[in-house]
Number of protein chains: 4
Amino acid sequence: MMQAFVYNGPGKFALEQHARPEIMSPTDAIVRITKTTICGTDLHILKGDVPTCTPGRILGHEGVGVIDAVGSGVQAFKVGSRVLISCITACGKCDYCRRGMFSHCTTGGWILGNKIDGCQAEFVRIPYADTSLYPIPDGVDEEALVMLSDILPTGFECGVLNGKIAPGGTVAIVGSGPIGLAALLTAQFYSPAQLIMIDLDQSRLDVATRFGATDVINSSDGKAIEAVMALTDGRGVDTAIEAVGIPATFELCEGLIAPGGTIANIGVHGTKVELHLERLWDRNITITTRLVDTASTPMLLSLLKSNKIDAKRLITHHFKLDQILDAYDTFGHAARTSALKVIIEA
Amino acid sequence: MMQAFVYNGPGKFALEQHARPEIMSPTDAIVRITKTTICGTDLHILKGDVPTCTPGRILGHEGVGVIDAVGSGVQAFKVGSRVLISCITACGKCDYCRRGMFSHCTTGGWILGNKIDGCQAEFVRIPYADTSLYPIPDGVDEEALVMLSDILPTGFECGVLNGKIAPGGTVAIVGSGPIGLAALLTAQFYSPAQLIMIDLDQSRLDVATRFGATDVINSSDGKAIEAVMALTDGRGVDTAIEAVGIPATFELCEGLIAPGGTIANIGVHGTKVELHLERLWDRNITITTRLVDTASTPMLLSLLKSNKIDAKRLITHHFKLDQILDAYDTFGHAARTSALKVIIEA
Amino acid sequence: MMQAFVYNGPGKFALEQHARPEIMSPTDAIVRITKTTICGTDLHILKGDVPTCTPGRILGHEGVGVIDAVGSGVQAFKVGSRVLISCITACGKCDYCRRGMFSHCTTGGWILGNKIDGCQAEFVRIPYADTSLYPIPDGVDEEALVMLSDILPTGFECGVLNGKIAPGGTVAIVGSGPIGLAALLTAQFYSPAQLIMIDLDQSRLDVATRFGATDVINSSDGKAIEAVMALTDGRGVDTAIEAVGIPATFELCEGLIAPGGTIANIGVHGTKVELHLERLWDRNITITTRLVDTASTPMLLSLLKSNKIDAKRLITHHFKLDQILDAYDTFGHAARTSALKVIIEA
Amino acid sequence: MMQAFVYNGPGKFALEQHARPEIMSPTDAIVRITKTTICGTDLHILKGDVPTCTPGRILGHEGVGVIDAVGSGVQAFKVGSRVLISCITACGKCDYCRRGMFSHCTTGGWILGNKIDGCQAEFVRIPYADTSLYPIPDGVDEEALVMLSDILPTGFECGVLNGKIAPGGTVAIVGSGPIGLAALLTAQFYSPAQLIMIDLDQSRLDVATRFGATDVINSSDGKAIEAVMALTDGRGVDTAIEAVGIPATFELCEGLIAPGGTIANIGVHGTKVELHLERLWDRNITITTRLVDTASTPMLLSLLKSNKIDAKRLITHHFKLDQILDAYDTFGHAARTSALKVIIEA
């Protein structure tokens with residue numbers, strides 16, 4: 001048996017004793033978790049907003065650990081190997097995987113802590129281990145690595161890469177929560193001239209300034225568009241990153257995008273939005289959506305190893321696995337606790 | 001004086017005697033029109049739907065002709081040169097022009113037959129002649145060339161290039177009018193495996209089949225999405241081209257796009273549409289809008305010259321300039337006349 | 001036991017009785033060959049020019065067949081599945097495979113009929129079966145498919161894709177043998193305006209004309225550069241494809257490339273060449289080399305299935321496996337036999 | 001009359017009195033030079049190595065100044081405007097200019113201080129002023145701007161952009177002179193993991209370390225390849241930038257490039273090199289050459305304005321125009337003087 005954080009239906013969850021996972025397929029590995037974390041998506045699951053996740057599920061899709069067992073078909077890892085767990089499970093064989101679009105792997109994708117048991121436990125079963133785990137390079141901090149399971153590749157792929165951020169460009173990120181800050185940190189790989197952060201909460205904007213925003217706009221006065229135009233000679237921004245997931249913030253992006261620009265959506269949306277094609281049809285803009293593929297993980301590992309990013313800046317709190325209810329409480333009340341990402345040691 | 005087709009306010013228009021245009025700037029040229037045509041946008045103007053176009057304006061932004069006069073700064077053309085007129089006027093100097101985004105030229109863009117007098121006349125003044133006209137290659141049919149002023153670059157740039165059509169890919173084009181057919185013709189430069197044409201009008205779909213569609217779907221039964229899924233093993237299409245410009249057709253595109261696909265909007269929209277981000281946020285899709293830049297004109301000229309496209313297939317009717325009211329009537333009642341593009345000889 | 005064509009050292013080879021291959025790793029499959037072919041590289045091996053291929057090796061890296069056995073880790077194929085064999089073996093897991101550069105797979109790449117036994121036999125062992133075999137779509141001709149093991153992806157990836165062939169562009173292919181013709185056939189996916197074929201042998205050029213070349217140049221008079229310049233208004237070509245593999249043909253490509261153009265090397269070179277940087281340093285050109293990755297196989301399968309390419313045009317002769325010595329003789333004396341690709345039925 | 005530095009044949013040059021330039025075409029402007037500099041190419045001209053540059057020519061193709069007169073067709077600039085002079089003259093109209101390949105403008109390209117009189121004088125005539133000059137943004141240091149005439153766009157376009165430098169990648173720059181250092185500075189816009197500088201001169205390598213090289217290799221022991229392999233786990237580098245222009249350094253790049261990598265040539269070569277296709281044909285590499293287009297100037301201006309690059313680090317010495325012979329002496333003996341770029345105030 002082992003300890004595991006289990007979702008038991010809307011509003012119901014507990015740290016429970018649970019059977020340890022076992023190898024079910026030759027390509028599986030069992031990982032002993034050393035560090036994991038909580039994602040905003042986990043909070044959505046607890047509210048009952050994610051129908052693919054059914055009661056009885058161990059949550060969590062992020063973490064690092066040590067290989068405890070491997071199936072007969074696993075070739076890249078051995079018992080004892082230290083590994084980074086990707087939030088996306090990739091078979092490496094289907095049409096989508098061949099195109100690097102692992103998020104839509106026909107038998108994988110985002111399944112950990114969703115359709116199968118996840119990482120907020122002492123052990124986790126990882127399908128397609130060879131293509132869903134990464135060896136940990138020597139000398140890389142394990143807590144920093146936990147940020148590579150999901151939040152940094154999400155900010156980077158869905159925001160920075162999709163948003164085609166380029167040297168000298170202008171960028172606005174709407175939403176200065178953990179995912180917006182992950183986009184902010186990784187946007188700097190491409191040296192944009194302006195990195196404008198927009199949020200309603202001044203303390204989050206202060207964090208953004210420390211993390212490298214060139215300008216911050218508190219949008220609580222409803223005048224964010226005017227403020228962006230003032231900062232960009234009336235042109236708007238080349239890249240607008242939506243990092244909230246509600247109609248108001250998406251529509252704000254529509255208002256501040258320059259001709260030829262890109263709106264890169266990261267936010268998880270629960271409802272439709274209005275797309276003002278009557279204003280945008282002739283503006284030569286691009287809008288993108290994306291579930292993270294974690295195809296950029298090798299690149300991010302290289303950047304982490306060479307100290308081009310300080311991923312640990314996203315970590316604000318530490319807990320032990322038996323304190324995970326406290327961890328959820330802290331992470332779930334970020335406005336009060338100023339939590340960004342929490343580390344849970346197993 | 002010369003003959004010219006003039007917009008005199010919503011619903012009012014006439015073939016009138018009008019002063020001949022004159023050189024107003026050193027970079028201007030005066031072109032004597034030999035052939036012009038009518039665009040769907042001209043019909044919008046006549047209804048009063050295009051506020052930038054004010055009463056008294058000579059319409060038309062397409063055509064070929066002969067240089068009649070040049071300003072002192074014009075270097076690429078001489079009196080007597082045969083030229084193709086681009087629907088987009090490009091100064092060649094502003095930030096947008098330097099990026100090839102001529103549609104947003106700060107002093108040009110779509111101004112012909114809109115903000116300045118246009119081509120449905122015996123003569124037209126072309127600003128920035130060196131960068132807004134193209135020499136006519138020897139041996140190229142002039143009527144075919146008229147299709148390169150607007151409709152073919154629009155279908156190609158806004159639909160085919162923005163839609164990232166690739167060899168072996170699957171494509172659906174919603175709207176089998178002239179612009180959808182222009183996308184259909186130019187899509188074939190990239191050898192997609194499937195080119196599915198969708199429309200409510202069977203006769204237009206019959207044209208599409210003749211023009212190279214691999215499949216046609218009559219969407220009048222409201223089951224176009226199911227039909228596309230049946231044709232694509234349930235995946236949807238890699239590229240969906242919106243060539244109508246109303247909410248229903250845009251939202252149809254949302255329904256038939258495959259994960260990783262692109263919705264390329266060509267349609268001129270007069271109202272907002274619903275973007276179903278609650279379904280699309282994790283589908284890794286791209287949506288593009290674009291006013292044609294005519295940056296592809298040299299490529300299209302090369303393709304025309306080497307007989308890789310039969311542009312004249314789009315031409316269904318011929319008129320003289322003094323029959324232009326008939327031409328408008330024919331073009332404006334395409335359901336009855338089966339008109340695609342009409343040639344007007346000046 | 002089974003029949004197999006075996007290389008026994010320079011100049012020595014035979015059709016021999018050989019032990020049937022067996023599963024050696026959980027990710028292996030055994031394929032019963034139904035059709036295979038001979039590659040120019042096989043001729044190089046027979047001469048002793050490929051040091052990685054040691055005596056006793058069964059040759060052949062192309063073919064189609066039926067799954068006869070699978071290892072415990074194989075998930076995509078079952079006994080009885082009809083499969084296309086890729087000439088490149090890909091583990092799907094290493095850094096190169098993750099980047100789609102399967103040719104440099106750290107434990108695969110071109111190993112079939114080279115470092116491990118190959119396809120010119122009744123049975124072959126395929127490592128990493130899930131990522132090195134492709135299911136055969138219904139209704140696709142098996143002989144045409146044999147052209148997808150190596151020659152078409154090689155012509156397409158190393159020549160057409162690396163050469164950035166685009167609609168309306170100008171292309172010269174130096175060498176009208178099988179691989180040059182494969183480039184010629186697949187170049188047409190992108191609708192170039194000019195496809196100029198250059199060779200010393202008129203009968204090969206006649207084939208090129210039938211396969212879609214717009215112009216052919218017999219370079220036996222040493223005036224190919226002048227002829228290309230005459231065809232391109234003195235500019236040279238946008239893409240020059242080297243499909244021979246000797247210094248003279250590479251240096252010919254240097255002479256006929258336009259500013260901004262690309263020289264895409266397909267040829268297997270045995271000696272260094274002279275690169276005239278004193279003429280080319282300021283010409284904004286690109287030179288590429290590539291061992292085929294077969295990353296384009298899904299795209300080519302789609303094109304084959306939709307009849308966008310007639311791959312069988314490359315097949316000139318048919319043999320049974322027990323006639324393979326005749327097949328080698330025919331293929332090895334192409335100047336006399338006009339052989340392009342031969343099909344060997346097992 | 002004015003002062004001007006004139007090339008009078010191999011080894012002969014002088015600061016002379018010379019007639020002031022005049023407007024010769026409606027698209028010309030006359031610029032009063034405020035600051036200029038000397039390029040390595042100027043030294044080549046003085047030796048007689050640049051046949052296009054004939055005796056009597058005023059040298060110099062870099063600088064900033066103030067518009068003194070404009071032709072009737074100039075629309076973007078007025079007398080008194082402060083401007084940056086691009087080393088490349090672009091008509092903005094020819095096929096090459098339309099493709100952004102200004103270096104090959106059919107009536108422009110590198111003509112300043114080469115085919116027409118240049119910037120090392122009190123005044124210079126700039127053809128095609130609208131597309132060959134850039135307005136100076138407020139608040140940008142003029143000396144830093146002189147680095148944008150040639151050296152920074154050259155390092156950036158020919159080295160960094162052509163070399164496809166990407167976040168997390170590995171880069172080696174062969175040659176730590178001014179142009180190699182310009183590549184080093186601009187490479188950092190893309191956050192590569194390793195930036196290895198290779199040179200024979202330790203003091204130049206010390207400068208490279210201060211400018212951001214992660215590693216430096218003194219290649220005087222002939223073991224640079226081994227040293228690069230030791231730094232890259234035996235793989236070689238993703239990007240090798242040749243910034244010298246002799247066979248030995250180009251061939252060094254061939255030895256240290258990883259499979260899939262790019263050799264970006266910046267060096268001006270006077271003789272052919274050996275290309276070892278017998279080793280490289282199957283390594284999936286790319287080799288590029290380029291004369292700077294200065295198409296990146298707007299991007300570099302934006303980066304300069306937002307302090308993403310400290311361009312003035314390249315400036316080591318200052319002179320007045322009447323000291324230009326001293327300036328040439330200092331710049332021409334860099335090994336002794338440690339000169340990188342010199343500023344000459346007119």
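Two residues are in contact here when heavy atoms of theirs lie within 4.5 Å of each other. Keep that in mind as we walk through this predicted model.

Let's start with Leu277(A), which sits in helix α10 (residues 277–280) of chain A. Setting aside neighbours within four places in sequence, Leu277(A) touches a whole set of chain B residues, among them Phe250(B), His269(B), Val273(B) and Thr289(B). Is Leu277(A) buried or exposed? Its relative accessibility is 1%, and anything under 20% counts as buried, so Leu277(A) is buried. Within its own chain, the C-alpha atom of Leu277(A) is 9.7 Å from that of Glu254(A), 23 residues away along the chain.

Now for the sheet. It's an open one with 12 strands and mixed pairing, and it runs from β11(A) through to β15(A), then on from β15(B) to β11(B). At the edges you'll find β11 (215–218) of chain A and β11 (215–218) of chain B; each has a single partner strand, so one side of each has no neighbour in the sheet. From one strand to the next, the twist averages 15°.

Zoom in on chain A and you'll see β13 (residues 257–265) pairing with β15 (residues 286–288) in the parallel sense, over 3 bridges. Here Ala264(A) stands opposite Thr288(A).

Helices lie across the strands too. In chain B, helix α5 (residues 151–161) lies across β12, β13 and β15, running at about 155° to β13(B).

Note on methods. Residues are numbered from 1 along each chain as its sequence is written. Chains are lettered from A and ligands numbered from 1 in the order in which they are written. This is a predicted model: local features need pLDDT of at least 70, side-chain atom pairs count only at pLDDT 80 or more; totals for chains, interfaces and linings use all residues. Side-chain values use heavy atoms; hydrogens and water are left out. Helices (H or I, at least four residues) and strands (E, at least two) are DSSP runs, numbered from the N terminus. Buried means under 20% relative accessible area, exposed over 50%, partly exposed in between (1.4 Å probe, protein chains only). Two strands pair if DSSP finds at least two bridges between them. Axes are lines fitted to C-alpha atoms, for helices over the stretch in contact, and angles run from 0 to 180 degrees between N-to-C directions.
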